[in-house]
Amino acid sequence: MTPEPETDDELLMLMRNGDEQAFVTLYRRRQAAIYRFAMHMSGSAAVAEDVTQEVFLALIREECGFDPERGTLSGYLFGIARKLVLRQLERGRSDVPLEAEGEDSAWPELAVHDDPLADLTHREGIEALRRAVLALPRRYREVVVLCDLEEADYADAALVLDCPIGTVRSRLHRARALLLEKLHQERKFRPSLGAWKPVRCLT
Amino acid sequence: MEAGQVFDVSKVFDMNCQEFWNTMPELARHGDRSGHLRECAACAALWERQRALTAGLRTVAQEWGHLQAPARVEGRLTAAFRGHAGLGARSRPARLWVPVVAWAAAAAALVALAMFLVSERQPQAPRRAAPRATELAVAQPLPDFAGNQFGVSGDSPYNSDEFIPLPNAARIAPNEDVNLVRVEVPRSAMIGLGFEVSAERASEPVQAEVVLGTDGLARAVRFLDE
């Protein structure tokens with residue numbers, strides 16, 4: 001019995017020779033992370049679905065040459081996804097209401113703490129943090145999504161973002177500081193801004 | 001430092017603090033090994049806030065960890081892969097052994113599509129004649145499909161960017177989830193839909209996009225490089 005290929009590179013080689021099962025295995029292994037990345041970046045399930053489909057279509061069509069010497073296939077797929085998401089954001093097509101809005105968007109009136117970080121493990125704290133991530137400028141949002149939410153290491157993130165590792169570090173540091181600011185501002189102004197809706201930063 | 005107090009992120013730390021924060025991302029994951037936090041209350045307080053933030057982000061990641069692309073994406077991609085794999089066999093030498101049955105199935109699918117396109121069609125004339133009721137039904141615009149109209153122009157042949165409804169194909173209902181698959185067919189397949197194709201180019205390949213309904217049957221087609 002032939003053992004199932006383990007690595008992405010093996011699966012890629014097989015799929016490029018027409019092995020459909022190899023493609024399906026590779027897709028199932030990597031699609032969720034790509035989908036979540038696009039979702040975190042755009043805030044739109046429709047955009048995330050489109051981006052996920054286009055990423056793997058590009059892989060099928062071999063439109064962008066993947067070089068195993070330069071990095072992992074996962075990082076390569078994230079790189080394609082990033083470009084597609086940025087293209088979508090530039091078009092403004094993802095500028096749709098955040099899905100968290102609606103019944104859940106009402107600001108809670110109770111349990112107001114001085115420290116916005118105190119309830120980050122509770123529902124409203126998590127939603128506030130998610131909104132804060134989505135409202136980050138693009139260059140900070142993508143590094144938080146990659147490193148903090150998808151737990152990519154800095155070397156992979158640097159390849160995806162096409163920048164030095166030191167830049168990843170500094171952007172991540174700055175992004176976290178911005179998140180703290182946003183969380184605190186949201187908590188500070190919450191009572192008087194109840195009618196305001198969160199917006200997505202398209203820069 | 002009082003709970004909830006905000007640090008000025010633009011604050012310039014002294015050299016030791018700066019060095020500490022330069023390695024902050026790693027510390028947030030693995031803890032402070034430098035001992036700096038024991039000596040600097042300001043950094044210690046800020047670091048605690050960063051740790052709380054990191055924990056919150058981890059919770060967000062866990063909350064969203066179950067998310068994945070809808071199953072229909074895999075269906076579309078698998079269909080696209082089959083089309084692409086069938087095309088690639090001719091131009092790319094096989095580096096690994098591929099079952100003959102798989103290639104035969106891909107070739108059969110292409111032949112079936114080509115035959116479907118040319119079946120019961122004559123060049124030009126049918127489109128100028130009054131279409132049958134079924135054709136009229138499938139020729140209705142479908143505004144939900146990426147802005148394209150599944151219709152025919154007044155005098156065929158059609159505009160190059162239009163999808164051409166296939167004869168006897170069911171109409172795509174509004175809001176129906178359709179799949180778009182790019183394939184390559186012999187140029188002769190275009191004859192059946194009213195295009196003029198010279199005899200010497202009839203065997204050339206031409207790229208086409210085929211709209212598949214949720215039942216997997218082809219509904220419409222457009223040629224990309226006619």
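I'll start with one residue: D162(A) is exposed, with 10 other C-beta atoms within 10 Å. On the burial scale here, a residue is buried if 20 or more other C-beta atoms lie within 10 Å of its own, exposed if 12 or fewer, and partly exposed in between, with C-beta atoms placed from the backbone.

Some housekeeping. This is a predicted model, in which local features need pLDDT of at least 70 and side-chain atom pairs count only at pLDDT 80 or more, while totals for chains, interfaces and linings use all residues. Residues are numbered from 1 along each chain as its sequence is written, and chains are lettered from A and ligands numbered from 1 in the order in which they are written.

Back to D162(A). It sits in the loop between α7 and α8 (165–189) of chain A. Helices here are DSSP runs of H or I with at least four residues, strands are runs of E with at least two, and both are numbered from the N terminus. D162(A) is not a glycine, yet its phi is positive, about 60 degrees. For background, most residues other than glycine have a negative phi.

Where else in chain A does a non-glycine residue have a positive phi of about 55 degrees? E151(A) does. Its place is the loop between α6 and α7 (154–161) of chain A. With 13 other C-beta atoms within 10 Å, E151(A) is partly exposed. There is also E62(A), which follows α3(A) and has a positive phi near 55 degrees.

Now the chain as a whole. Chain A has eight helices and zero strands. Of its 203 residues, 45% count as buried. Among contacts in chain A with a separation of 6 or more, 67% are between residues 24 or more positions apart. A contact means that two C-beta atoms, placed from the backbone, lie within 7 Å.

Next, helix packing. Helix α1 (residues 8–15) of chain A packs on helix α2 (residues 20–42) of chain A at an angle of about 140 degrees, with the axes 7 Å apart. Axes are lines fitted to C-alpha atoms, for helices over the stretch in contact, and angles run from 0 to 180 degrees between N-to-C directions. α1(A) and α2(A) are therefore oblique to each other. The scale is: under 35 degrees roughly parallel, over 145 roughly antiparallel, 65 to 115 roughly perpendicular, and the rest oblique. The crossing of α1(A) and α2(A) is left-handed; that is, the near helix is turned anticlockwise from the far one by less than a right angle, and clockwise would be right-handed.

Which residues make this contact? From α1(A) they are D8(A), L11(A), L12(A), L14(A) and M15(A), and from α2(A) they are A22(A), F23(A), T25(A) and L26(A). By class, that is seven nonpolar, one polar and one charged. Nonpolar covers Ala, Val, Leu, Ile, Met, Phe, Trp, Tyr, Cys and Pro; charged covers Asp, Glu, Lys and Arg; the others, Gly among them, are polar.

α2(A) also packs on helix α6 (residues 138–149) of chain A, at about 140 degrees and with axes 10 Å apart. That makes α2(A) oblique to α6(A). This crossing is right-handed. F37(A), H40(A) and M41(A) of α2(A) meet R141(A), E142(A), V145(A) and L149(A) of α6(A). The classes are four nonpolar, one polar and two charged.

Staying in α2, I34(A) belongs to that helix of chain A. Is I34(A) buried or exposed? It counts as buried, with 27 C-beta neighbours inside 10 Å. Leaving out residues up to four places away in sequence, I34(A) touches T52(A), V55(A), L77(A), F78(A) and A81(A). I34(A) and E150(A) are 116 residues apart in sequence and 9.4 Å apart in space, C-alpha to C-alpha.

T52(A) and V55(A) are among the buried residues of α3(A), including also V47(A), F56(A) and I60(A). The 17 residues of helix α3 (residues 45–61) of chain A should span 24 Å at 1.5 Å a residue, and the end C-alpha atoms are 24 Å apart, which agrees. The expected span is 1.5 Å times one less than the number of residues.

Last, chain B. Chain B has eight helices and four strands, and the order from the N terminus is α-α-α-α-α-α-α-α-β-β-β-β. Of its 226 residues, 24% count as buried. E162(B) lies in the loop between α8 (133–138) and β1 (164–165) of chain B. With 18 C-beta neighbours inside 10 Å, E162(B) counts as partly exposed. E162(B) and A220(B) are 58 residues apart in sequence and 9.6 Å apart in space, C-alpha to C-alpha.
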